[in-house]
Amino acid sequence: MTTSNLHLYILAAPLLGAFAVNLLGRLSRRWVAPLTLGVLGYATIAALVVLARVLRDGTISYTIGNWRPPFGIELVIDPLGALMLLLISAVALTATFSSLTSIERELPGREHLFFTMYLLLIAGLTGLALTGDAFNLYVLLEITSITTYGLIAMGRGRAPLASFNYIIMGSIGACFYLLGVGYLYLLTGSLNMADIANILHGLQETAALATAFAFIMVGLWVKMAFFPLHSWLPNAYSLAPSGASVMIAPLMTKVTVFLMIRVMFSIFSPEYEFIQHAGVQSLIVWVAALAIVCASALALAQRDLKRMLTYIIVAEVGYMVGGVWLANSQGMTGAILHIVNDALMTLCLFLAAAAIAYRTGSLGFDSLQGLYRRMPITMAAFTIGAFSMIGVPPTAGFFSKWYLILGGIEANQWGYVAALLFSSLVNAVLFFRIIEIAYFRTGEVGHGHDHGHAAVRVEEAPLMMLAPLVLAALALIAVGFGSGPLVSGVIRLAVPGGF
Amino acid sequence: MQGIIAEIVAKYNYWIYVVLMMIGFYAMIGKRNLVKKLIGLNIFQTAIILFYVSTGVKRGGGIPIVDKHAALTHGIDPATVVNPLPHVLMLTAIVVGVSVTGVALAVLLRVYREYGTLEEDEILEKIGK
Amino acid sequence: MVYAHSFWPLAAVMLPLLATVPIMLSGRSPNLRESWTLLAGGGMFAIVASMLPAVLAGGGFVLTLAEVVPGVPIQLRVDALGMFFALVASFLWIFTSVYSIGYMRALEEHDQTRYFASFAVAIAATIGVAFSANLLTLYLFYEILSLSTYPLVTHEQNAEARASGRKYLTYILGTSIGLVLPAMLIVYHLTGTLDFTHGGILAGKASPGTLSLLLLLFVLGFAKAGVMPFHGWLPAAMVAPTPVSSFLHGVAVVKVGVFSILRVVFDIFGPDLLRSLDLGVALTYFVSITILFASLVALTQDNLKRRLAYSTIGQLSYMILGAGMVSAAGMTGGVLHIAMHAFGKITLFFCAGAIYVASHKKYISEMDGLGRQMPITYVAFFLGSLSIIGMPPLGGFLSKWNLLVGAVQSQQMVLVAVLLGSSLLNAAYFFPIVYRGFFAPAPAGGAASGIREAPLFCLLPLSVTALCSLLLFFYPSVFLQLVQRALFP
């Protein structure tokens with residue numbers, strides 16, 4: 001038990017900020033930016049403090065309203081949760097700089113409405129990282145989902161339709177989760193995660209338990225777009241307004257993967273999942289391998305930058321699910337490290353896409369020709385993000401692949417290893433196609449036409465969009481070099497015991 | 001055969017929920033009209049809500065609203081009262097369901113404004129053009 | 001082996017890397033930009049040379065940058081083998097820079113800033129490979145080299161260059177990610193470390209089958225060494241400007257590939273392990289195919305640079321052949337050939353470029369009689385080709401002689417035949433060029449008359465490197481000592 005309320009404030013700040021933005025934003029547009037940035041800045045700093053505290057003192061548990069568990073709702077912050085808190089706040093803060101600029105253009109006059117939902121989404125994500133109660137998880141999951149539906153629907157053209165499709169599929173997923181929790185409640189009479197784990201420990205293996213697990217898993221897989229339940233993601237993320245996708249794409253699926261880890265290790269136990277049902281474990285790793293391969297192949301067929309990136313997200317989810325289900329500590333480390341790395345990589349790439357869309361209005365491959373002359377810094381940052389996706393050291397992406405492949409080798413899951421290598425190669429093809437078009441294909445045939453060079457001015461994205469992009473690219477290199485301390489200092493503690 | 005029928009009859013409420021869920025699921029996937037899909041979603045959620053509520057039922061149990069004074073002096077015999085926790089949880093779930101429906105309807109309004117129709121195949125035609 | 005902690009290895013790598021910034025910023029004033037390149041080159045060679053005495057005395061330097069994976073830090077280490085390679089590379093870079101400046105200006109090439117900046121990153125990565133203390137660091141710099149040379153290969157930006165660039169990346173990245181990465185991880189999985197240790201780290205860790213597979217993965221995976229069938233990128237990369245071909249594909253990139261394989265053979269597997277599993281012999285036979293085949297194809301090439309490319313493919317496998325012999329002379333010859341071939345081949349490529357600058361000719365059949373108009377160039381070409389063939393009094397003789405002795409010592413008569421046969425083939429595809437240049441009548445048409453020698457910026461480097469090939473025969477001691485220290489500490 002702890003008396004400090006700091007971690008609750010991390011959740012409360014964006015929540016209250018959302019209402020403030022809505023009300024004050026109606027009075028004057030100029031309230032929106034400082035409020036949003038202020039709230040998120042506070043959340044980031046608080047998350048940093050909480051992480052330091054957790055690393056020093058161990059897991060924090062906090063009861064809301066002083067109703068003691070297992071009857072009250074409990075917040076549990078272990079090292080993994082604290083890491084997620086910091087990731088969510090930092091990524092959201094970085095993305096917000098870019099969002100503010102692009103939303104000004106995409107949704108003029110409605111920024112306060114957009115950022116209300118935006119801040120509510122972040123509050124929901126933060127809550128997901130904090131909660132220790134299974135039903136509370138459902139509520140927060142739906143908060144994040146509903147706000148996402150709304151944010152996506154604010155886009156143009158086909159966006160509302162894509163959002164509706166997402167509503168249908170996402171709600172099915174949430175309902176499955178709810179059903180699973182219902183079964184658990186039937187079996188144990190409790191909703192508190194630690195309490196359920198305790199009771200399950202002494203419980204006989206039953207079909208009801210297996211059903212509960214299956215429903216919860218499938219529900220979460222729909223939410224994280226695990227192939228073949230991914231069909232909602234490409235449309236939803238690529239048609240959403242730039243300002244929304246820069247924050248949603250890096251975070252939503254990764255937090256859902258985190259939830260899967262939570263459920264698997266804080267409610268159920270590794271023995272149950274991996275040892276008693278070893279066949280299921282192998283099967284899921286194979287499905288993950290299939291997910292990686294198919295999503296990478298689908299990405300090859302795309303002609304639009306943002307859609308290509310969304311299929312890559314689906315492949316990355318396959319990496320993480322496979323890594324968790326490898327059932328060894330290397331794979332688990334790789335999966336958790338990949339949550340961090342993928343969030344940063346996706347942030348970098350989507351920020352670059354947003355900057356390009358802001359300046360050129362289109363993200364089709366043909367309109368990217370010669371882009372490096374007009375937007376050199378953006379393309380440089382994009383290139384670093386691309387290298388990270390491919391897995392080139394010393395960027396961050398290489399190191400999570402290291403652990404994942406190592407885990408696959410240790411577990412003798414050669415299909416998964418082959419899928420990871422295949423996906424790296426496909427990513428190389430995908431990104432070098434773009435690099436070639438942007439860097440080496442000028443509009444004219446041949447070279448040496450000086451008038452072409454003199455006429456092309458550097459027209460970079462505005463500073464508010466460029467700064468977070470450069471920051472994200474630098475973070476990729478920094479996190480890459482810092483992988484050692486990150487893994488040994490934080491992630492090793494976050495890997496659930498029993499490995 | 002006797003055994004199976006006895007099973008079904010004994011747990012008739014669960015079977016109804018399953019049927020409701022399947023109806024909702026079919027509506028979401030099989031129907032072409034977007035509003036019907038939404039209604040299917042609602043049916044699906046309702047089935048799960050009913051399932052939860054039914055877990056708290058006890059034979060002969062009454063509604064879990066008691067007189068405060070009586071409860072404080074004599075205590076409550078759990079066998080006389082239906083489990084209130086699932087009810088409370090489902091209130092939350094209903095709220096969630098209503099919010100989703102609200103957002104979905106708002107989205108459908110936009111879709112209608114954009115395409116003039118709420119039939120999925122007609123919309124796909126318009127996009128395809 | 002006592003390694004002193006020092007920042008010099010990092011300084012050597014960072015100097016050209018940091019020079020990239022002023023190079024990019026001085027895009028508008030070419031002379032300033034070029035001077036940054038030359039300064040960086042000179043400075044880096046100075047740093048490398050300053051570490052030489054300590055290494056010759058038996059010591060070395062080490063610097064740990066970051067512990068990124070448990071047991072495997074990103075670490076730089078200067079030992080004899082690394083110093084050997086770094087010395088060659090940094091010395092030759094100075095001349096390549098001078099040559100590049102002359103070449104690019106003479107042809108008024110576009111995008112020179114990008115060119116020189118990529119060049120700087122590439123040489124930094126090359127030195128990084130030379131100074132890597134473990135397989136992960138080597139992999140890191142290997143990838144940086146691949147990526148930084150891509151803009152150089154695709155420099156011309158026309159469809160052919162873009163296609164070659166794609167081919168280059170497909171071969172190089174595909175093999176490094178698809179073959180080297182899993183092999184590296186398997187080694188880590190088996191031993192828990194990736195440090196280069198004299199005598200290897202894999203003894204007794206896995207079955208012979210696994211070890212053979214690993215060796216195959218590494219040899220094929222380091223596709224920069226041009227072992228067939230992953231050699232196709234080399235001829236394709238000849239569309240790049242000649243300074244790029246000369247340095248990177250004649251010296252740095254391909255030598256990095258061979259160096260990586262040698263590091264793996266010597267310091268991950270270890271000669272004893274190879275001998276006990278007979279893998280050394282298998283390796284020599286495997287690369288003999290490349291040697292012979294490449295030499296044969298070289299005979300058929302009319303494009304001068306492509307002929308040189310196939311010659312390079314063959315010569316690279318000589319080095320791997322030497323390592324596979326696991327006899328003292330064989331290994332010495334193999335490693336020594338890195339230096340000898342570098343000096344010889346760079347001379348040949350410089351000459352090819354000089355011919356193009358002076359006469360715009362790319363095909364050997366057009367070059368009849370050119371030697372009379374460009375005598376210095378052709379004499380340098382003659383000296384370079386003698387070194388490659390392995391004739392005294394050129395440096396190449398020393399390495400080829402050692403290889404022969406090694407083959408005889410290990411009683412592999414097949415290898416003796418391969419070595420002699422391919423030397424004959426080398427002569428067969430080099431001598432006609434020189435002969436026709438000096439003695440054949442000029443082709444009909446007045447265009448031949450106005451050709452003079454190449455500009456001084458081009459002429460000077462090629463003369464110096466040709467002379468070095470000659471001098472190395474008489475003064476090989478520095479290199480020989482380094483090689484001896486590396487193989488037998």
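Mentor: In chain C, C:Lys224 lies over the face of C:Tyr142, at 3.7 Å from the ring centre, where "over" requires NZ of Lys or CZ of Arg within 6 Å of the ring centre and within 35 degrees of the ring normal. This is a predicted model, in which local features need pLDDT of at least 70, side-chain atom pairs count only at pLDDT 80 or more, and totals for chains, interfaces and linings use all residues. Side-chain values use heavy atoms, without hydrogens and water, residues are numbered from 1 along each chain as its sequence is written, and chains are lettered from A and ligands numbered from 1 in the order in which they are written.

Trainee: And which ring does C:Lys400 lie over?
Mentor: That of C:Tyr318, at 4.0 Å from the ring centre.

Trainee: How many aromatic pairs are there over all chains?
Mentor: A search of the whole structure finds 48, a pair being rings of Phe, Tyr or Trp (its six-membered ring) with centres within 6.5 Å, stacked if the planes are under 30 degrees apart, edge-to-face if over 60 and tilted otherwise. The rings of A:Phe398 and A:Trp402 have centres 6.0 Å apart and planes at 55°, so that pair is tilted.

Trainee: Are those two buried or exposed?
Mentor: Both A:Phe398 and A:Trp402 are buried, which means under 20% relative accessible area, with exposed over 50% and partly exposed in between (1.4 Å probe, protein chains only).

Trainee: What about C:Phe91 and C:Phe95?
Mentor: They form an edge-to-face pair, 5.1 Å centre to centre with 65° between the planes; C:Phe91 is partly exposed at 24% relative accessible area, whereas C:Phe95, at 17%, counts as buried.
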